[in-house]
There are 2 protein chains.
Amino acid sequence: MPKTESFNRNQVLQKATAVFHKKGYNGTSMQDLVDATSLNRSSIYNSFGSKLGMFMEVLSFYQSSGKDQMGKELMHAHNSSDTITSIFEMYLNDILTDTDKKGCLMVNCKSEMVNQEPVIKSFLEQNQEQTLAMLEDVVHNGQMEKVFNQNQTANEYALYLYSSIQGLRMTGILNNNEEELRNIINTVLKAIH
Amino acid sequence: MPKTESFNRNQVLQKATAVFHKKGYNGTSMQDLVDATSLNRSSIYNSFGSKLGMFMEVLSFYQSSGKDQMGKELMHAHNSSDTITSIFEMYLNDILTDTDKKGCLMVNCKSEMVNQEPVIKSFLEQNQEQTLAMLEDVVHNGQMEKVFNQNQTANEYALYLYSSIQGLRMTGILNNNEEELRNIINTVLKAIH
DNA sequence: TTAATTTTGAAACGTTCATTTCATTAAAGA
DNA sequence: TCTTTAATGAAATGAACGTTTCAAAATTAA
């Protein structure tokens with residue numbers, strides 16, 4: 001009976017992600033989203049409920065895109081040292097190809113919205129937990145393989161790496177000198193080796 | 001002849017800083033600023049030109065407040081190792097006392113506005129240069145005193161520390177566990193010792 | 001083909017936005 | 001005191017905001 005949703009939801013989310021990423025949440029207007037997605041204003045409200053609702057889906061989309069990308073990158077890693085290097089290489093590549101200096105959507109969102117939107121805060125908390133768990137796993141494996149030191153627990157090193165990644169992403173906004181960024185990464189990774 | 005400006009400009013800037021810090025640039029309305037400063041709308045425009053003009057002065061105010069604070073902190077530091085520790089202690093203290101999880105105004109501003117407002121981008125670039133120069137100076141002194149290693153140049157370590165500070169400030173938004181944050185700092189500082 | 005359901009388009013909703021205007025009030029040097 | 005300049009208050013500006021409305025068009029199962 002029903003007419004089914006005719007647009008490609010992922011394509012729409014991709015367009016919306018690009019806008020939110022470039023202009024931030026508060027800097028993005030509904031008109032921006034209408035223009036970018038070529039969707040009708042009503043269709044956006046029918047499908048996403050509100051601007052915030054759409055943004056939540058954009059965050060999820062960005063998150064799972066990042067996971068997919070990481071999954072691919074880590075296919076070629078044969079040990080924990082490779083893995084952690086690949087993770088940082090991925091972020092480095094993101095920075096170097098971010099020609100308009102948008103930074104990381106997740107980091108930007110954290111800085112803009114954690115103290116304003118509880119629902120966003122919750123999302124970012126669970127995102128942080130997931131990332132920390134992933135990093136802890138890698139570090140733990142590396143410590144078992146004796147390629148990482150055991151001066152600190154995998155849990156402690158995971159938080160250090162997480163913090164370093166955020167720092168790298170912030171630094172990359174105003175500095176995209178590959179050599180200098182690689183140097184930061186090397187220094188960061190020395191701590192765990 | 002003229003009636004002179006009657007309000008205390010620094011007091012006004014302090015109020016305005018609090019608002020921009022809490023809500024971000026795009027999240028702050030002129031009405032918010034009128035309410036916070038108890039200044040008339042016209043007085044704000046007479047004295048600061050525009051919302052962006054006021055924000056620029058707020059950034060300068062925040063920057064010089066930070067410098068003052070750092071100057072005081074570093075009075076008690078007797079060597080380079082003390083100095084760099086005090087710097088990180090200062091940021092840690094900022095995080096632990098930031099009860100409403102606003103983060104760092106400068107970092108937030110970087111993530112929100114670098115790719116939108118050239119005049120803000122320029123300000124942040126020169127702020128970054130100053131901070132890097134300060135850090136490089138500390139590291140250089142420490143290397144001369146042989147309390148820091150010379151595996152990398154003072155310039156390279158300065159960028160690493162700068163990146164680490166930004167990471168710490170971002171991490172502190174969702175995590176204000178003092179022990180865990182101290183642990184990050186210790187790991188960061190191990191790299192240069 | 002018909003009935004059900006959704007997408008679409010366009011306009012309008014009331015609110016808020018940053019900024020301007022201007023007459024009034026206040027202060028200081030001449 | 002008078003003139004000059006600035007601060008003030010309140011209202012208005014027009015544009016943009018997020019959101020809603022609703023009739024028309026489109027699509028599908030029966």
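**Entry 1: chain A overall**

I began with the order of elements in chain A. From the N terminus on, they run α-α-α-α-α-α-α-α-α. I noted that the model is a predicted one. Next I looked up the counts for chain A: nine helices and zero strands.

I then took the extent of chain A. Along its principal axes, the C-alpha trace spans about 60 × 40 × 35 Å. I also looked up burial. Chain A has 193 residues, and 37% of them count as buried.

How much of the contact in chain A comes from residues 24 or more positions apart? I took the contacts with a separation of 6 or more, and such residues account for 59% of them.

**Entry 2: two domains in chain A**

I looked up the domain assignment of chain A. It gives domain 1 as 1–58 and domain 2 as 76–190. The C-alpha centres of these two domains of chain A lie 28 Å apart.

I turned to where the domains touch. Domain 1 of chain A gives seven residues to the contact, and domain 2 of chain A gives nine residues. Which helix supplies the largest share of the domain 1 side in chain A? I found helix H1 of chain A (residues 9–23), with three residues. By class, the domain 1 side that touches domain 2 of chain A holds three nonpolar, three polar and one charged residues.

**Entry 3: helix H1 of chain A**

I checked the length of H1(A). It has 15 residues, so at 1.5 Å a residue it should span 21 Å. Its end C-alpha atoms are 21 Å apart, which agrees.

I listed the buried residues of H1(A): Val12(A), Ala16(A), Thr17(A), Phe20(A) and His21(A). Why do the buried residues of H1(A) line one face of the helix? Seen down the axis of H1(A), they fall within an arc of 160 degrees, so they line one face.

I then asked what these residues pack against. Gly24(A) follows H1(A), and the phi of Gly24(A) is positive, near 80 degrees.

**Entry 4: helix H9 of chain A**

I made the length check on H9(A), residues 178–190. This helix has 13 residues and reaches 18 Å from its first C-alpha to its last. That is close to the 18 Å expected at 1.5 Å a residue.

The buried residues of H9(A) are Leu181(A), Ile184(A), Ile185(A), Thr187(A) and Val188(A). Seen down the axis of H9(A), they fall within an arc of 160 degrees, so they line one face of the helix. I looked at the face turned away from the buried side of H9(A). That face carries the exposed residues Glu178(A), Glu179(A) and Lys190(A).

What covers the buried residues of H9(A)? The cover includes H5 (80–97) and H8 (154–174) of chain A, together with H8 of chain B.

**Entry 5: chain B against chain A**

I finished with the contact between the chains. It takes 39 residues from chain B and 40 residues from chain A. I listed the elements of chain B that give two or more residues to its side. They are H6 (105–113), H7 (118–144), H8 (154–174) and H9 (178–190) of chain B. The largest share of that side comes from H8(B), with 13 residues.

The side of chain B that touches chain A divides into twelve nonpolar, 17 polar and ten charged residues.

Key
Residues are numbered from 1 along each chain as its sequence is written. Chains are lettered from A and ligands numbered from 1 in the order in which they are written. This is a predicted model: local features need pLDDT of at least 70, side-chain atom pairs count only at pLDDT 80 or more; totals for chains, interfaces and linings use all residues. Domain bounds come from an automatic or database domain assignment. Two residues are in contact if their C-beta atoms, placed from the backbone, lie within 7 Å. Helices (H or I, at least four residues) and strands (E, at least two) are DSSP runs, numbered from the N terminus. Ala, Val, Leu, Ile, Met, Phe, Trp, Tyr, Cys and Pro count as nonpolar, Asp, Glu, Lys and Arg as charged, and the others, Gly among them, as polar. The expected span of a helix is 1.5 Å times one less than its number of residues. A residue is buried if 20 or more other C-beta atoms lie within 10 Å of its own, exposed if 12 or fewer, and partly exposed in between; C-beta atoms are placed from the backbone. The arc is that of the directions from the helix axis to the C-beta atoms.
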